[in-house]
Amino acid sequence: MAIYALFGPVALGMLSPIPGSGRQRAAVMLRALPVGLVLVALGTALAVRTWAAVLGMLVVGFALAFAAVAGPRPAGAAPGLQLFYILACFPPYAPETLGARLTGLALGVLLLAACEVFLLPAPPTVSYRESLADAVEAAGRAATGAAAFSAGTAAPDAGPRDGTPAGPVDSSADRLRAIGHQLRFSRLPPAERPAGAGRMDRAMAQAGVAARTLLDQLARLSDNQPTATARRGTDAAAASADLLSRIAALCAATAAALRTGRPNALPGSMEQAIRDFQALRIRQATGPPEAVPSVPELRRQAAVLGMAESARMLETAVRVGLDGRRTRPLPPRELFWYADTGTARLWWRRLVGNMTLHSVQFQNAARTALGLGAARLVAGSLDLSHGFWVLLAVLTLGRTTAGETWAAVRSALVGTLAGAVAAGTLLLVLGQHTDAYAAVLAPGMLAAFALGPLLGIAWAQALFTLVVSAAFAQLAPASWQLAEARIVDVVTGSAIGLLCGLLAWPAGARREVRRTVAGLLDSYGPLITGTVGALLANPPGAAPLPSTYPTLHRLRLAETAYAQYRSEPGDHSVAHADWQAVLITANHILVGSRWLPRFDLPPATVTPDAAAWARTNADRLALTTARLAALCAGNGPPSDPSPPPAPHTPAEVPGSPPLPMLIDLEQWLSSLTAELGHIERSVPPLRSGAPGKSRW
């Protein structure tokens with residue numbers, strides 16, 4: 001019982017990077033406790049044979065490592081849960097001690113959770129809902145300022161520029177973009193990231209994307225406002241001002257809902273406002289020539305319409321996230337598919353979606369399981385003393401790249417050797433005086449677990465070697481040979497972990513991020529051309545909308561690979577394309593492919609020349625995405641040349657009236673052209689003399 005009472009806090013407290021405040025960590029530990037009890041019981045039963053323990057290690061190792069797909073908290077608790085099985089699956093085979101083992105583990109974890117809450121609680125972090133509410137409030141202030149400017153009652157930028165808190169009007173483009181960047185997962189505490197597969201996490205993650213999109217749209221509008229003075233005060237500008245005011249009101253209501261936890265916005269209000277605004281645009285554009293808004297004003301209206309759709313997406317996602325229950329299908333169904341999907345199916349889809357060799361989560365889980373299984377086989381076959389240290393070395397020293405694993409192993413071996421010398425000296429000096437080891441253990445643990453993370457792997461391994469020597473010397477008579485066993489076990493585990501790192505995906509996410517991003521780019525083309533085809537279908541609505549599932553699935557894999565890639569050491573500023581821009585463009589394409597057909601079904605007045613312009617530009621973008629996919633995959637560009645660019649914008653096509661639908665489509669295609677151009681410029685050149693081979 002003493003062994004498990006000791007290793008409960010060590011495993012879940014120090015060797016498990018559970019994120020969050022004290023209460024959040026304690027909640028994860030208490031939820032992990034039943035799983036830990038089951039793993040101890042399983043390991044106790046499978047310790048009867050080495051082959052049974054190895055098979056169990058393979059299954060348990062993969063399942064717990066693969067739990068990272070559920071979010072940072074399960075991923076943080078996984079190493080500790082691994083250790084519970086590892087400790088129990090080693091000889092002696094003693095099922096009669098199971099009750100004492102479970103009691104000790106429960107006691108240790110409960111005491112640890114109590115310490116997290118009452119004794120030394122970690123300070124709480126800013127919640128994701130609070131961060132999102134701040135961003136939505138900033139968007140509302142910016143929309144208020146833009147509405148006042150359109151109505152002719154405000155200067156282009158009434159927001160503060162001296163770093164003071166924003167007032168009632170806030171439209172500074174740089175400030176808005178900075179606020180949006182704070183919602184990136186890399187800027188959020190791990191415990192606050194909505195990364196789970198459930199309905200609430202999916203909705204909150206989508207709300208964050210919508211808020212960032214809205215802030216970026218408002219920033220672009222703010223950039224263009226100083227040149228828009230001539231259009232202020234017109235009827236078209238008044239319509240834009242009214243819709244911007246509705247956006248501001250919706251943002252205020254959504255921010256209040258996020259702070260209180262209760263959705264209080266009126267569902268459907270923005271939907272109707274968008275349809276009314278679009279109907280007004282069509283009446284103005286098809287009315288008497290003197291009443292037709294100018295092309296710049298139509299483009300500004302298109303930008304405002306895009307903001308309204310982002311605000312509607314934001315409000316809908318927040319409502320789903322705060323409610324958490326299944327709802328009726330929500331438009332657009334392809335983007336809110338999870339709202340009316342059962343929880344079990346959502347988790348199944350997350351698990352199955354990552355069951356592919358192109359998922360870095362699957363790769364990490366497979367590498368961990370193989371390493372732990374091999375370590376258990378070697379330790380059991382060679383009958384190594386304290387063989388669980390072999391698996392502990394594999395678990396704690398393994399990294400996602402072979403180079404990083406080798407660096408960790410080198411430091412660990414140096415630290416273990418130094419610690420073994422110190423531990424051997426301690427054992428020789430103190431001999432069999434158990435009370436002396438008990439007196440040394442507590443301050444030794446404090447030093448090891450406080451200084452180890454600060455001083456590096458070598459110091460951590462040295463101090464931990466002293467700790468385990470002091471602990472096991474209390475449980476049974478020990479000599480300096482205990483330190484020798486520690487060295488042998490760590491060297492064995494390090495060799496196994498390094499071998500697995502060399503054989504199983506040694507490059508980590510570097511290659512996978514290229515492969516998944518290339519697949520994501522390849523899915524853009526059919527989505528763009530299919531959306532344009534649906535918009536130009538005659539009669540309206542005759543052509544089906546393209547499926548978004550391939551892009552959504554590949555986007556999830558690319559996001560995971562990119563997140564791991566950013567966590568791996570190396571210079572991420574050179575020698576690769578702008579992966580983050582690829583992910584942002586994917587969301588832009590997904591949203592545009594659904595809101596344009598919903599609000600922009602064309603009248604019969606679209607001329608053949610205008611339709612040809614739209615199709616030609618869509619085809620050019622599709623070929624651009626195919627070329628980028630080939631470049632990002634490390635291949636040469638495809639041989640098919642792009643068609644020549646269309647000579648006119650929709651507003652310049654002879655005989656074609658500047659219809660709102662064509663202006664909206666022009667805005668979408670031109671922004672995608674600019675984004676893809678930025679991505680292509682960021683792709684490194686190919687090696688000279690090696691056509692078709694990327695230099696990275």
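1. Phe362 is buried in this predicted model. Its relative accessible area is 17%, and the cut-off for buried is under 20%.

2. Phe362 has a ring partner, Phe62. The two form an edge-to-face aromatic pair, with 5.6 Å centre to centre and 75° between the planes. Phe62 belongs to helix 3 (residues 50–66), while Phe362 belongs to helix 13 (residues 360–381). The pair therefore ties together parts that are 300 residues apart in sequence. The structure holds 10 aromatic pairs.

3. Phe388 and Trp389 form another pair. Why does this one count as tilted? The planes of Phe388 and Trp389 stand at 55°, so the pair falls in that class; edge-to-face would need over 60 degrees and stacked under 30. The ring centres of Phe388 and Trp389 are 5.8 Å apart. Both residues are buried. Together with Phe7 and Phe472, Phe388 and Trp389 make up one aromatic cluster.

4. Helix 10 (residues 269–285) meets helix 23 (residues 660–682). Their axes come within 9 Å and cross at roughly 115°. That makes helix 10 roughly perpendicular to helix 23.

5. Which residues make this contact? Helix 10 supplies Gln278, Arg281, Ile282 and Ala285. Helix 23 supplies Pro660, Ile663 and Asp664. By class, the contact of helix 10 with helix 23 has 4 nonpolar, 1 polar and 2 charged residues.

Key:
Residues numbered from 1 in each chain as written. Predicted model: local features only at pLDDT ≥ 70, side-chain atom pairs only at ≥ 80, totals over all residues. Heavy atoms only, no water. Phe/Tyr/Trp six-rings, centres within 6.5 Å; stacked < 30°, edge-to-face > 60°. Helix = DSSP H or I, 4+ residues; strand = E, 2+ residues; numbered from the N terminus. Buried < 20%, exposed > 50% of the residue type's maximum accessible area, 1.4 Å probe, protein only. Axes fitted to C-alpha atoms, helices over the stretch in contact; angles between N-to-C directions. Parallel < 35°, antiparallel > 145°, perpendicular 65-115°, else oblique. Contact = heavy atoms within 4.5 Å. Nonpolar A, V, L, I, M, F, W, Y, C, P; charged D, E, K, R; others polar.
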